Amino acid sequence: MKTLVLLFHPNINQSRVNKAFIQKLEEQNDANITIRDEYAIYPDGKIDVKIEQQLMEKHDKIIFQFPMYWYSSPSLLKEWEDQVLEYGWAYGSNGNALKGKELTLAVTTGAVAENYLKTGQFGHTIDEMLSPFESTSKLIGTNYTTPFITHGVAQHLSDSELQVRSDEFISFVRKGE
Ligand SMILES: Cc1cc2nc3c(=O)[nH]c(=O)nc-3n(C[C@H](O)[C@H](O)[C@H](O)COP(=O)(O)O)c2cc1C
């Protein structure tokens, strides 16, 4: 199985958690895993739709990795969806390019898990906030599997916990390999 990890972090140089995850993944040197730092590839925000589509076609499992920004994803991922998931390719009567592939997310949140409860500060669960991805997956015919959520990364993740979580991230990416 070939896995495509699309990282959408606007500032990976300042990142602690997503950077640790990606570095650990790069260390695996796994030929079946392709990692793309989309903000670094498209610093001007101009996405090469054909290349993105070709990459999606060549992989079986697609992971969107990003930090939670304003209860959603960083904006380049939204732009990427708007442009790459074209009618007649990703959806529509002839749009079957992604059918049967796996789609999932790896998300970090600054806030702790308790904030992401119905009764918590944000009033919505993380699954509710990420539901547009699940609906998108349904439309494009991919199998949406349980996201890998790491909460409380702003203050509550020690260095040793980050190491453990990085190992768990590797297992998550490799699951089904
Ligand atoms: C513009 C901006 C918006 C953010 N919005 C949220 C948010 O809505 N919910 C949340 O839990 N954290 C939010 N955060 C915190 C980030 O999710 C957190 O810094 C990130 O997950 C840490 O990962 P990193 O170490 O890889 O940068 C926000 C951060 C920034 C800069």
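This is a predicted model: local features need pLDDT of at least 70, side-chain atom pairs count only at pLDDT 80 or more; totals for chains, interfaces and linings use all residues.
**Entry 1: glutamine 65**

Glutamine 65 has a relative accessible area of 0%, so I put it down as buried, the cut-off being under 20%. I found the residue in strand S3.

Next I looked up its surroundings. Beyond four places in sequence, glutamine 65 is in contact with Val5, Leu6, Leu7, Phe8, Asn18, Phe21, Ile22, Ala106 and Phe169. With asparagine 18 I noted a side-chain polar contact of 3.0 Å. I also checked threonine 108, 43 residues apart from glutamine 65 along the chain. Their C-alpha atoms are separated by 8.4 Å.

**Entry 2: the cores**

Which residues have the most contacts inside the largest nonpolar core? I listed Phe8, Met56, Phe64, Phe66, Trp80, Leu85 and Leu130, in a core of 31 residues. At least two residues each come from S1 (3-7), H3 (49-58), S3, H4, S4 (102-108), H5 (126-129) and H6 (131-140). Helix H4 gives the most, with 4 residues.

I then took tryptophan 80. Leaving out residues up to four places away in sequence, tryptophan 80 touches Leu6, Phe8, Glu38, Ile47, Glu52, Met56, Phe64 and Leu85.

**Entry 3: a surface patch**

Last, I turned to the surface. Tyr69, Trp70 and Tyr71 form a nonpolar patch there, and together they have about 420 Å² of accessible area. I placed tyrosine 69 in the loop between strand S3 (61-67) and helix H4 (75-84). Its relative accessible area is 35%, so I logged tyrosine 69 as partly exposed.

Note on methods:
Residues are numbered from 1 along each chain as its sequence is written. Side-chain values use heavy atoms; hydrogens and water are left out. Patches are made of residues with over 30% relative accessible area and no salt bridge: like charges are joined within 9 Å, nonpolar side chains (Val, Leu, Ile, Met, Phe, Trp, Tyr) within 5 Å. Accessible areas come from the Shrake-Rupley method with a 1.4 Å probe; for residues, only the protein chains shown count as cover. A salt bridge is a side-chain nitrogen of Lys or Arg within 4 Å of a carboxyl oxygen of Asp or Glu. Buried means under 20% relative accessible area, exposed over 50%, partly exposed in between (1.4 Å probe, protein chains only). A nonpolar core is a set of buried Ala, Val, Leu, Ile, Met, Phe, Trp, Tyr and Cys residues joined through side-chain atoms within 4.5 Å. Contact means heavy atoms within 4.5 Å. A polar contact is a pair of N or O atoms within 3.5 Å; within protein, one must be able to donate a hydrogen and the other to accept it, and residues adjacent in sequence count only if both atoms are side-chain atoms.
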